Amino acid sequence: MPTDDPELARIIFQSFIELEMMILMVILGDTETIRQALPKADNLATLMDHNMQRWVIWVRNPIILKDEFERRLTASESENADAPYDEIKCFCFSPLNDLASGVILKNGTLSYSSLNRSFFKAHLHDISNP
Amino acid sequence: MIYQILNVLKIKLPFSQKIIFFYLTFGIATISNCQILTITERSKGKSRVVELESKQIVDINSGITVSISKKELIQNIVSKFPDYSETYQFQERIEALRTALEFQEILLQHLEKSVINIRSREDFLKLMLDFLEVVENDPYLSSRYEEVNDNYFLVNREGESISDQSQYIFRNLEKDLEILLKELESVKKDNEHYISLVAYKKNGRGDDRVHVENFDIYSEREYHTVQRWVTSISEEQKNNLAQLSSFAQNINQKRLSISDQLKQLFEEYIFSSIDCVKNQVLGIEMFLENTKVQRQFSEAMRVDGNILLDKVKAYDEVLDIFSKSIKKWEITTPFELKIQFKELVNQASSIQIDMQDFQQTIATVDALKDEVNEIKQDVEECLDEIKGIFESIPHTWDALQVQQSNYLANKQFSEKVLIFGTENIPDSGYINLKGTGSRENGDELEIELLLRLPSSQKDIPDHVISIEKRVLVMHLIGARSEIVVGMIIANPDEKSASEIDFDRKFYFAPSASLLLKVGSRNSFFYNEFLDFGIGLNLASTDFDTDGSPEFGTGFIVTGFKDILSLGINYNVTLETPYWFFGVNLPFNIPGLPINRIK
């Protein structure tokens with residue numbers, strides 16, 4: 001994601017979120033731990049699950065899409081979705097309803113297991129709340 | 001502390017020294033004292049946890065659940081024996097892997113389905129989330145999951161499915177489990193130890209083991225419910241005063257300690273057996289010194305005879321020393337004694353074989369045949385008697401152990417107490433107090449968690465270390481009735497009946513009271529000291545001292561375990577009221593004043 005062009009960032013994000021059958025993972029920030037976690041998220045995104053695609057977008061500057069993400073997070077009833085935006089470092093959008101889920105806070109770890117859980121939570125969200 | 005230092009320095013100690021260092025460490029360092037046992041009392045359909053800080057009083061007819069915290073247990077063991085931490089680390093990892101692998105079959109079944117519906121998809125996703133939560137919550141699993149995934153993604157996995165990745169992960173976790181199980185086996189050999197849970201009922205009448213469901217295979221004692229509402233005088237109470245004297249005598253006899261009883265037992269047996277061996281020594285000596293015998297003997301026969309005589313003499317001396325040492329003997333190591341008894345039996349058998357050989361040799365000489373047969377018969381009878389005694393003593397001992405208070409030794413003897421590792425120890429055990437036989441208010445129930453360290457030598461018992469002990473006092477909680485018999489000292493009203501001899505102010509009279517009492521769950525002081533009672537009193541006074549008792553009844557208040565009482569009665573026969581007090585002490589003390597019949 002561009003770090004200094006909010007409009008371009010919004011357009012790119014919009015083009016992803018409009019796609020169906022896709023779980024979109026958002027990773028916010030640019031720290032050492034984020035950089036270590038990115039290949040893991042990328043690896044997990046290569047795996048297919050019955051035609052369900054996984055994509056990862058890295059938002060190095062979280063401010064750039066703050067309004068958009070905050071609006072979507074506020075609309076979600078998922079665990080930790082109501083946490084302050086500044087406290088969030090990763091979450092996913094559900095494949096059909098595009099609702100935020102699988103939120104990982106800044107005090108959480110970005111490991112294969114936590115990232116995988118985030119993907120699965122987003123997937124489950126739409127099945128449990130059709 | 002010393003132990004920890006040695007551990008850091010990687011100094012390995014032999015097992016016996018480990019035990020010594022454990023005690024040193026125990027004395028110096030503060031050992032983790034986290035609570036391992038949780039006691040829950042179930043009474044009248046309600047459950048209550050007996051907190052450590054509260055009074056340890058439980059209802060005498062309740063059920064007791066003893067729960068064990070494995071986590072605290074392991075921490076406690078590791079704090080005492082740091083060498084064992086490796087074993088527990090392996091066990092912890094193995095348990096974590098097993099938990100994770102429990103998801104394997106069902107997850108893979110879901111993943112391999114070609115046709116899926118929303119319902120099965122939801123089930124799969126929930127299962128997957130549960131599995132990943134298990135992984136995340138365990139540090140070992142979490143780190144292995146990272147490593148395995150790192151390895152999996154070393155090559156390009158584009159186009160592969162979650163099913164492929166999951167199969168790869170589970171395959172690797174299975175391999176981990178196999179490796180850990182092998183490693184655990186090798187570590188366990190060096191650090192073998194087991195856990196047992198035992199319970200004992202303790203009172204002044206002798207201790208007894210208590211069956212703990214899941215932890216031993218004892219049968220329950222006779223089923224006995226302590227009656228809450230007692231309204232009739234028991235036979236025991238009827239005979240109470242009359243039997244005090246003989247009762248005291250019996251109690252005095254019972255107060256002989258177990259070691260005294262055993263010493264007495266052994267002395268009686270061993271002294272009688274020594275006499276018999278001494279007679280055999282004399283018999284063989286006389287036979288060998290007989291000139292008729294000597295004329296018939298070859299040189300080889302003489303040598304054999306002397307060897308046999310020396311053996312019997314030596315055996316006699318061993319028995320002699322053994323009997324003398326018994327008087328100074330402190331019973332602390334019953335298994336050593338068992339070994340000694342076994343040795344004495346073996347020696348007797350060996351002498352019997354020598355005697356048989358000697359008899360067969362001598363029997364070739366016709367003139368000596370009868371005499372040697374007679375000696376052989378005497379020797380065999382004597383040694384058979386000794387063998388029988390030494391073989392039977394351990395059984396007698398075991399019987400005494402059950403009755404008496406040496407319950408620590410009892411723990412060592414019993415094979416009915418089950419042993420567990422921390423991985424398979426049951427979560428809880430259950431004690432039905434009604435199944436523990438007769439008991440009284442104030443009896444104690446001792447529950448103890450033991451660490452057993454097997455001995456490296458055969459026939460030597462496990463080293464037993466107490467990990468945690470709880471002592472509960474059993475009482476009938478809440479209202480109950482009791483019948484109490486005793487002597488009262490009555491003071492009749494001077495203005496009433498003319499038949500009463502008022503030269504005396506007080507009259508003694510036997511009485512029985514039906515008392516209402518309350519057992520407290522919160523106060524030992526009340527239960528065991530104050531113990532107030534209120535109720536009806538029936539007394540058999542003889543105010544007119546004509547030798548025929550009158551009937552009196554009224555109200556009574558008692559306290560201090562019924563030792564003191566105070567009340568007001570009405571003598572129905574003479575139609576006169578009186579007040580009374582009682583000091584319920586042994587009334588058969590010689591010299592105690594009683595009413596003189598005119």
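1. Between chain A and chain B, seven residue pairs are in polar contact, both residues at pLDDT 80 or more (a pair of N or O atoms within 3.5 Å, where within protein one must be able to donate a hydrogen and the other to accept it, and residues adjacent in sequence count only if both atoms are side-chain atoms). This is a predicted model, in which local features need pLDDT of at least 70 and side-chain atom pairs count only at pLDDT 80 or more, while totals for chains, interfaces and linings use all residues. Residues are numbered from 1 along each chain as its sequence is written, chains are lettered from A in the order in which they are written, and side-chain values use heavy atoms, with hydrogens and water left out.

2. On the side of chain A that touches chain B, helix H2 (32-45) and helix H4 (112-128) each supply at least two residues (helices are DSSP runs of H or I, at least four residues, and strands runs of E, at least two, numbered from the N terminus). The largest share, eleven residues, comes from H4(A).

3. The two chains bury about 2,300 Å² between them, 65% of it on carbon and sulfur atoms (accessible area, 1.4 Å probe, lost on being put together and summed over both). Tyr112(A), Arg117(A) and Phe120(A) supply 28% of the area that chain A buries against chain B, more than any other three residues.

4. Arg117(A) also meets Glu136(B) through their side chains in a salt bridge (2.8 Å, N to O), the count between the chains being two (a side-chain nitrogen of Lys or Arg within 4 Å of a carboxyl oxygen of Asp or Glu).
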